[in-house]
Each structure stands twice: as C-alpha cells, then as structure tokens.
Amino acid sequence: MKEIIFPKSLKKGDKIAIISPAGFVEEAPLQSTLNLIQSKGYEPVFGKHTLGKFTNGYNYSGTEKERIQDLNWALNNDEISAIWATREIGRASCRERVFR
C-alpha cells in the first residue's frame, strides 16, 4: 500500500491561487471567500482567466485551453501554496485533458 502524502500546512503570507476551472463567476459573490482567505493571513491571487467569460451554450470562465492554462499555472507556480477553485471542473472532456 502506498504511503499517504499530506500537503504542507499553510502559513501566514502564503499565496492561494483562485481559479475558475469551469463556469463563469463574478467577483462580487467571491468577496466573502476573499475576505476569509485574507482574514487568515493568506494572499489570494487570481488566475488570468478566473473572472473571464466565454459563452458556448454555457457561460465558462474561458475556453478549455484558457481554463487549463490557469490550472497549470497554479499547479506549477512555486509561489502558490494552495488552490481554491471557484467552481468544479464539470465537463468530462476538460477533466480528461487535465488529469491524463
């Protein structure tokens, strides 16, 4: 059985990436989340497309490529200690591209 690897605990000043890997979201409803993150001493950092809007039968935060770029940025940025998704990754095709 594989050993469970736990992430490091967050400390004051750590940056939390705020990304929208699925649907469009406006900043105003996120304000309480941002306030919570800041009240704990962390710094929220928005992905490039977090507040974007791309409509294709549904309002997404960006194209699949843009949303995956934000996720990859958050996962591979050494300054980011945690990721907070505003919404879930809903579309199977997007999930498959991210988790291969």
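In which order do the strands of the open sheet lie, and is their pairing parallel or antiparallel? The legends below, which describe a predicted model, begin with this point.

View 1. Three strands form the open sheet, arranged as β2-β1-β5, and their pairing is parallel. The edges are taken by β2 (43-46) and β5 (80-85), each of which pairs on one side only. From one strand to the next, the twist averages 35 degrees.

**View 2. Pairing of β1 with β2.** Strand β1, comprising residues 15-19, runs parallel to β2 and is joined to that strand by four bridges. Ile16 has Pro44 of β2 as its bridge partner. In general, the strands of a sheet pair through backbone hydrogen bonds, in either a parallel or an antiparallel manner.

**View 3. Helices packed on the sheet.** Helix α1 (residues 27-39) packs on the sheet and touches β1, β2 and β5. The direction of α1 makes about 145 degrees with that of β2. Helix α2 (residues 64-76) likewise packs on the sheet, with contacts to β1, β2 and β5. For α2, the angle is given relative to β1, and the two directions make about 170 degrees.

**View 4. The surroundings of His49.** His49 is located in the loop between β2 and β3 (54-55). The relative accessible area of His49 is 12%, so this residue is classed as buried, the cut-off being under 20%. When residues up to four places away in sequence are not counted, His49 touches Ser61, Glu66, Gln69 and Asp70.

Technical notes:
Residues numbered from 1 in each chain as written. Predicted model: local features only at pLDDT ≥ 70, side-chain atom pairs only at ≥ 80, totals over all residues. Heavy atoms only, no water. Pairing = 2+ DSSP bridges. Axes fitted to C-alpha atoms, helices over the stretch in contact; angles between N-to-C directions. Contact = heavy atoms within 4.5 Å. Buried < 20%, exposed > 50% of the residue type's maximum accessible area, 1.4 Å probe, protein only.
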